[in-house]
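The sequence and structure come first, followed by notes grouped by topic.

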Amino acid sequence: NSSIRKVTFAPNSKLHTIGSRAFYSARGLESIVLPDTVRNINNKAFYYCNNLQFVDGTENIENIGSSAFERTEALENINIESVKILSENSFYDSGLTSVVIPDGITIIPENCFYDCPLTYIYIPDSVVTIKKQGFAHFNTVNFSTTLEGCQGVKNLEVSAFAKSGITSISLPSIEYLEDGSSNPISGVFYYCEKLKTIEFGG
């Protein structure tokens, strides 16, 4: 429905889940205030809500499904501090400019933050694996990205940061770089034109 602009819920709402495709392609939707009882945002719940700018009440969200916020190009910020599970394509082609991955997350799924214009990324020690194209871009970006953390990352799959704007990365715990081309480094960091420093552990 392209006519919906704003969604709110009653103060006594007991809603715990935003179901799959609940607001699928609601292109007119600009803001939604979720009740603090919501714990799950299911697959494609806000898929292609390309004018969605404001999502409040996400402080207690624990699970974000596949493609839940895919193609939400106007969404620059969202609080995911309590999230325990991210999924493939959760924020694919969204407008996020910064992301702080919550402590306790162990895997960044495939395409989770693909083509997001992120200028700041924090990855806690709990993250062990970044899957294929987790933070990649479709085209080489013209902005720089500050990347902090990554101290517990052991596995980086092919194109994990491909064409991103990261300028440096420290990987003291790394055990596996997936070979996606002639060598693992160019596979994982394919066309990272702003990347100047890679520090591996001993």
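Two strands count as paired if DSSP finds at least two bridges between them. Within one such pairing in this predicted model, Tyr122 has Glu148 of strand 11 as its bridge partner. The protein has one helix and 15 strands, and 45% of its 202 residues count as buried.

**Overall shape**

- The radius of gyration of the protein is 17 Å, close to the 17 Å that the globule rule gives for 202 residues, so the protein is as compact as a globular protein of that length.
- Taken along the principal axes, the box filled by the C-alpha atoms is roughly 55 × 30 × 20 Å.
- Among contacts in the protein with a separation of 6 or more, 34% are between residues 24 or more positions apart.

**Sheet 7-9-11**

- Three strands make up an open sheet with the order 7-9-11, and the pairing is parallel.
- Strand 7 (98-100) and strand 11 (146-149) stand at the edges. Each has a single partner strand, so one side of each is left without a neighbour in the sheet.
- From one strand to the next, the twist averages 10°.
- Strand 9 (residues 120-123) runs parallel to strand 11 and is joined to it by four bridges. The pair Tyr122 and Glu148 belongs to this part of the sheet.

**Sheet 2-4-6**

- Another open sheet has three strands in the order 2-4-6, with parallel pairing.
- The edges are strand 2 (17-18) and strand 6 (63-64). Each of them has a single partner strand, so one side of each has no neighbour in the sheet.
- Strand 2 and strand 4 (residues 40-41) run parallel and are joined by two bridges.
- Opposite Thr17 stands Asn40 in strand 4.

**Nonpolar core**

- In soluble globular proteins, nonpolar side chains tend to be buried together.
- The largest nonpolar core here has 53 residues. The residues with the most contacts inside this core are Phe46, Phe113, Ile123, Leu156 and Phe161.
- At least two residues of this core come from strand 9, and at least two from strand 13 (168-171).
- Leaving aside neighbours within four places in sequence, Phe46 is in contact with Ile18, Phe23, Leu29, Ile32, Ile41, Leu52, Ala68, Phe69, Glu70 and Thr72.

**Cysteines**

- How many disulfides does the structure hold? The number is zero.
- The sulfur of Cys112 is 8.1 Å from the closest cysteine sulfur, which belongs to Cys116, and this is too far for a bond. The cut-off for a disulfide is a sulfur pair within 2.5 Å.
- Cys116 is likewise in no disulfide, and its nearest cysteine sulfur is that of Cys112, 8.1 Å away.
- Cys112 counts as buried, at 0% relative accessibility. Cys116 is buried too, with a relative accessible area of 0%.

**Loop between strand 6 and strand 7**

- Asp93 has its place in the loop between strand 6 and strand 7.
- Leaving aside neighbours within four places in sequence, Asp93 is in contact with Arg71, Thr72, Glu73, Tyr114, Asp115 and Cys116.
- Asp93 and Leu75 are 18 residues apart in sequence, and their C-alpha atoms are 10.0 Å apart in space.
- Asn89 is also found in the loop between strand 6 and strand 7. Its phi is near 65°, a positive value in a residue other than glycine.
- Is Asn89 buried or exposed? Asn89 counts as buried, because its relative accessibility is 16% and the limit for a buried residue is under 20%.

**Other loop residues**

- Lys44 is found in the loop between strand 4 and strand 5 (54-56). Lys44 is not a glycine, yet it has a positive phi of about 60°.
- With a relative accessible area of 27%, Lys44 is partly exposed.
- Ser159 lies in the loop between strand 12 (155-156) and strand 13. Ser159 is buried, with a relative accessible area of 15%.
- Leaving aside neighbours within four places in sequence, the contacts of Ser159 are Gln133, Gly134, Ala136, Gly187 and Val188.

Notes. Residues are numbered from 1 along each chain as its sequence is written. This is a predicted model: local features need pLDDT of at least 70, side-chain atom pairs count only at pLDDT 80 or more; totals for chains, interfaces and linings use all residues. Side-chain values use heavy atoms; hydrogens and water are left out. Buried means under 20% relative accessible area, exposed over 50%, partly exposed in between (1.4 Å probe, protein chains only). Axes are lines fitted to C-alpha atoms, for helices over the stretch in contact, and angles run from 0 to 180 degrees between N-to-C directions. A nonpolar core is a set of buried Ala, Val, Leu, Ile, Met, Phe, Trp, Tyr and Cys residues joined through side-chain atoms within 4.5 Å. Contact means heavy atoms within 4.5 Å. The radius of gyration is taken over C-alpha atoms; the globule rule is 2.2 Å times the number of residues to the power 0.38.
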